[in-house]
Amino acid sequence: MSACVAAAPGLEGLNEEYGVDKFIAISAWSDADGENQAQFAEEKGLTFPNIGASLSNRFERDGGIPTYILIGPGHELLMVDQGRPSPADIQGAIDEYFGG
């Protein structure tokens, strides 16, 4: 199982926990085109949006996947491709931003 596939359930959990007011996961599966991305998301029960990998590749910094980009509600970059953060790391960044 690829690192991206392994990360998907944790992102879905954060998506469900915070809702669109604080968190929206957006995925880009580099090994699938748009139709296959939608099929993959449906098979895995993922409710967050999927974008093309070429867009996410613009933010690739560490030479590996998955690429994580955390964007605040004011469109500020909070975390850009800092290795492979766990869902707890992402949750910590969200809580720090929102003071919670």
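## Report on the fold and core of a predicted chain

The model is predicted.

**Burial and surface.** The chain has 100 residues, of which 31% count as buried. Among contacts between residues at least 6 apart in sequence, 41% join residues at least 24 apart.

**The nonpolar core.** In soluble globular proteins, nonpolar side chains tend to be buried together. In this chain, the largest nonpolar core has 17 residues. Leu11, Phe23, Leu46, Leu70, Ile90 and Ile94 are the members with the most contacts inside this core. At least two core residues come from each of the helices α1 (3-18), α2 (34-44) and α4 (87-98). The greatest contribution is that of α1, which gives five residues.

Leu70, one of the core residues named above, also illustrates contacts beyond its sequence neighbours. Leaving aside residues up to four places away in sequence, Leu70 touches Phe23, Glu76, Leu77, Leu78, Met79, Ile90, Ala93 and Ile94.

**The aromatic pair.** Across the whole structure, a search finds one aromatic pair. The ring centres of Tyr97 and Phe98 lie 5.0 Å apart and their planes stand at 85°, so the pair is edge-to-face; the cut-off for this class is over 60 degrees. The accessibility of the two residues is set out below.

| Residue | Relative accessibility | Class |
|---|---|---|
| Tyr97 | 36% | partly exposed |
| Phe98 | 32% | partly exposed |

Technical notes
Residues are numbered from 1 along each chain as its sequence is written. This is a predicted model: local features need pLDDT of at least 70, side-chain atom pairs count only at pLDDT 80 or more; totals for chains, interfaces and linings use all residues. Side-chain values use heavy atoms; hydrogens and water are left out. Buried means under 20% relative accessible area, exposed over 50%, partly exposed in between (1.4 Å probe, protein chains only). Contact means heavy atoms within 4.5 Å. A nonpolar core is a set of buried Ala, Val, Leu, Ile, Met, Phe, Trp, Tyr and Cys residues joined through side-chain atoms within 4.5 Å. Helices (H or I, at least four residues) and strands (E, at least two) are DSSP runs, numbered from the N terminus. Rings of Phe, Tyr and Trp (its six-membered ring) pair if their centres lie within 6.5 Å; planes under 30 degrees apart count as stacked, over 60 as edge-to-face and the rest as tilted.
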